[in-house]
Amino acid sequence: MKVGVVGVGYVGLSTAVCMATKHRTVAVDLNEARVASLNAGKVPIHEKGLQSLLDKGLAAKRILFSPSTEGIEDADVVFIAVGTPSSSDGSIDLSQVRGACAAIGGVIKRGKADPLVLMKSTAVPGTARGVVKPLLEQTSGRQCGTGFGLCSNPEFLREGTAIKDTLDPDRIVLGPLDGLSLRLAGKFFKGFYGKRSPPFLVTTPEGAELVKYGSNALLATKVSFINLIAGLCERFPRTDVDDVARGMGMDHRIGPHFLQAGPGFGGSCFPKDVRAFARSIRDAGLDPSVLERVLALNEAQPHHVVQVAEKASNSLRGKEVAVLGLAFKADTDDIRESRSIPLIQRLLEVGGNVRVYDPVAMPAAKAALASRVVYCSSARECIKGADVAIVMTAWRQFKSLKPGDYLELMRSPVLVDARRIYDPRTYAKKLKYVAVGLGMEGTSA
Ligand code: UGA
């Protein structure tokens, strides 16, 4: 089989290298520099397992990156995996999807194949039926169901575990636009996963699109919800949100996942997807206020972390503040919507001198923060001489810093654990340790 992938962002690239473990794969992207560097074996993002799969695919000549759709003319299956960013009003910007549809329509028109098109890009309910299908039909001159197949096929991979999630997903969701596509897609995925095939859910295209938005919105809601509870925990001595989350998660109806309190959710998906979902709920005449509150709580959370730091150190004015972690979560170099950025902005506003370190996100951070902060080359260098250290990303190497390291290196150690990576019983005994969701001795509601 031959697979085409249009769009070589996070999802497209992960999908392409995984597909190339079994199929000849051509991945298309308008960004010629990215295409050239991928063909030269250079991975543009920090993602576990990606480099080795790319190397294997290139060595076996099973994967090729191309700036034009010519390479996918004889593809049996074509994934649409382009970005769907937020417009300035929070609604979804489908311009890349439209561009991809026009390009794929052109391929279908040239007639070497009648591929199955799988719509992976996250898009609001109604997009596959109302935008993708008519555009493919217009630009190809063919009918969906006879000239090509089309299925909504949302993606659930996470950054940091993108390869594992693609090779071993929890589920495959299919929303076919025509009967033929369902059979083709079922056969394609069963063939790819073989004995390790995940469960399939088949629904309408809109149902599939809603599974994706519903999942991201509910997970984001869990995060804001536990952060709200974290704020309350901070009002009661020795009350710990981790205990509360553990207790809540023991109820199998709630589950233990996504109840880790912290500085809020970031990344390229949750914030933009919740915004777009809220917008489409409003456009449908329904009330999206629950999601708007989820977003508002998330916006406030980095400021709350600064307040925790201010309270612990009286004032941050003129203080040296070390920010450990700039990526939106560990195991990625992605700083899109990272909570560290608004946190740093706020620290500067309240008069702190900010120095930063991240194991892999420094280049991206330099582009975003320019000369407003001091860049350090290690965690130890970052905390050296600092008055306050704030842990914003749960990187393993930050976990290995012991109370003695902070005591020895910092000027007047105040440690703010915004990710709850340390055991308060050990750290609070040895230095001034405060944390999101942890009520300190002497606090009162
Ligand atoms: C998320 C979803 O988890 C994926 O299933 C989905 O495919 C992806 O969005 C997408 O739509 O493309 P991702 O953005 O990679 O994946 O990151 P997550 O691991 O979900 O984390 C999102 C944010 O929530 C991070 O900032 C993380 O630190 C935060 N988070 C997560 C918490 O603060 N607490 C938690 O308990 C969990």
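Trainee: Which helix holds serine 181?

Mentor: Serine 181 is found in helix α7, residues 179-193. Keep in mind that this is a predicted model.

Trainee: Why is serine 181 called buried?

Mentor: Set the value against the cut-off. Buried means under 20% relative accessible area. Serine 181 has 0%, so the word buried applies.

Trainee: What does serine 181 touch?

Mentor: Leave out residues up to four places away in sequence. Then serine 181 touches Leu116, Gly149, Leu150, Cys151 and Pro176. A contact here means heavy atoms within 4.5 Å.

Trainee: Now proline 256. Where does proline 256 lie?

Mentor: In the loop between α9 (241-249) and α10 (270-283).

Trainee: What makes proline 256 exposed or buried?

Mentor: Exposed means over 50% relative accessible area. Proline 256 has 56%, so proline 256 counts as exposed.

Trainee: How far apart are proline 256 and lysine 187?

Mentor: In sequence, 69 residues. In space, 34 Å from C-alpha to C-alpha.

Trainee: On to the sheet. What is the order of the strands in the open sheet?

Mentor: The sheet has 8 strands, in the order β3-β2-β1-β4-β5-β6-β7-β8. The pairing is mixed.

Trainee: Why do β3 and β8 stand at the edges?

Mentor: Count partners. β3 (63-66) and β8 (200-202) have a single partner strand each, so one side of each has no neighbour in the sheet. From one strand to the next, the twist averages 25°.

Trainee: How do you know that β1 and β2 pair?

Mentor: Two strands pair if there are at least two bridges between them. Strand β1 (residues 2-6) and strand β2 (residues 24-28) have 5 bridges, in the parallel sense. Valine 5 stands opposite alanine 27 in β2.

Trainee: What does helix α4 touch in the sheet?

Mentor: Helix α4 (residues 95-110) packs on the sheet and touches β1, β4 (77-80) and β5 (116-119). The direction of α4 makes about 165° with that of β4.

Trainee: How many cavities of 30 Å³ or more are counted?

Mentor: The count comes to 1. The largest cavity holds about 40 Å³ of space.

Trainee: Which residues line the largest cavity?

Mentor: Met119, Lys120, Ser121, Thr122, Ala123, Ser152, Pro154, Glu209 and Lys212.

Trainee: How do the residues of that lining divide?

Mentor: Into 3 nonpolar, 3 polar and 3 charged. Lys and Glu count as charged, while Met, Ala and Pro count as nonpolar.

Terms used:
Residues are numbered from 1 along each chain as its sequence is written. This is a predicted model: local features need pLDDT of at least 70, side-chain atom pairs count only at pLDDT 80 or more; totals for chains, interfaces and linings use all residues. Side-chain values use heavy atoms; hydrogens and water are left out. Helices (H or I, at least four residues) and strands (E, at least two) are DSSP runs, numbered from the N terminus. Buried means under 20% relative accessible area, exposed over 50%, partly exposed in between (1.4 Å probe, protein chains only). Axes are lines fitted to C-alpha atoms, for helices over the stretch in contact, and angles run from 0 to 180 degrees between N-to-C directions. On a 1 Å grid over the protein atoms alone, a cavity is a set of points where a 1.4 Å probe fits but cannot get out, and a pocket is an open set with protein on both sides within 12 Å along at least five of seven lines; lining residues have an atom within 4 Å of a point. Grid points are joined across faces, edges and corners, and a volume is the space filled by probe spheres set on the points.
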